Amino acid sequence: MKNYLDFGKSIRERTARILAMLPPPVQLVAAVKSRTRAEVQEAMEAGVTILGENYLQETAVHSCPETKHRARWHFIGNLQRNKVKRAVQMFDLIETVDSLKIATEIDRRAGEEDKIMEVLVEVNSGREPQKSGLLPEEVIGFVAAVADHRHLRIRGLMTMGPNTDNPAELKPCFACVRELAERIKAQAIPGVTMEYLSMGMSHSWETAVAEGANLVRLGTLLFGPRPARGA
Ligand SMILES: *Cc1c(COP(=O)(O)O)cnc(C)c1O
């Protein structure tokens, strides 16, 4: 991967340059885990409108008055069942739904909040045992099983893809997710849309965009290398 500094010396410069490079309708989700409030604000001043958060306890820090209502919030972390209630309250879109248990809990909690929770279904497109997400062949059955949940609306698919910057390895994974979305769209399931394809991170976003992503989730490229957790 190119060095993040190739995109500019400051968060502001890098964010502006990357936003200018994204062809419409691709939208940038700034992955803000372990970043400070000031860093997140700098990215927003450069034009970021969607923030992606992995940890609910950090979200409380980031959803300060300056950022809370000026951004859309996407949950992109691993969602545990006991955190679903807060996630439903705090986020506009949950990108990482990959089990019936979590989907049913989201539906129940969203019902309590009188909210319709928009979600993406996470796909383990690289078939990696350590990664979350449904295997590609499980996705269509899952969507059909969840489609009648009244307080949950499936709006697309999300994937991480393998941890490589080799386009030859990434491309078939992203293409597989795009093809799944096309097949689901063709089924015209009531209440299910395939508007969002969230694929691509700092090492993989160019390949993801070439394969049809319209949401890219970038952290390192905007903010630089992550500090060690707990630092
Ligand atoms: C951290 C994270 C990203 C961004 O990763 P970078 O490699 O820093 O761009 C994207 N998606 C998810 C789900 C993440 O947790």
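How far does a polar side-chain atom of Thr-220 lie from an oxygen atom of the ligand? The distance is 2.6 Å. The protein buries 92% of the 390 Å² that the ligand exposes when taken alone. This is a predicted model. The ligand sits in its largest pocket.

- Thr-220 places a polar side-chain atom 2.6 Å from a ligand oxygen atom.
- For Ser-202, an N or O atom in the side chain is 2.5 Å from an oxygen atom of the ligand.
- Asn-54 also has a polar side-chain atom by a ligand oxygen atom, at 2.8 Å.
- Each of these pairs falls within the 3.5 Å cut-off for a polar contact.

**Shell around the ligand**
- The ligand is surrounded by 13 residues.
- Lys-33, Asn-54, Ser-202, Gly-219 and Thr-220 are the closest of them.
- By class, the shell holds six nonpolar, four polar and three charged residues.

**The largest pocket**
- The space in the largest pocket comes to about 520 Å³.
- Its lining is made of 24 residues.
- Closest to the pocket centre are Lys-33, Asn-54, Met-160, Met-201 and Arg-226.
- The lining splits into seven nonpolar, 12 polar and five charged residues.

**Residues in both lists**
- Lys-33 is among the closest residues to the ligand and among the closest to the pocket centre.
- Asn-54 is likewise in the closest group for the ligand and for the pocket centre.

Methods:
Residues numbered from 1 in each chain as written. Predicted model: local features only at pLDDT ≥ 70, side-chain atom pairs only at ≥ 80, totals over all residues. Heavy atoms only, no water. Near = heavy atom within 4 Å. Polar contact = N/O pair within 3.5 Å; in protein donor to acceptor, adjacent residues only side chain to side chain. Areas by Shrake-Rupley, 256 points an atom, 1.4 Å probe, with all protein chains shown as cover. 1 Å grid on protein atoms, 1.4 Å probe; cavity = no way out; pocket = protein on both sides within 12 Å on 5 of 7 lines; lining within 4 Å. Sits in = over half its atoms within 2 Å of the grid points. Nonpolar A, V, L, I, M, F, W, Y, C, P; charged D, E, K, R; others polar. Points joined across faces, edges and corners; volume = space filled by probe spheres on them.
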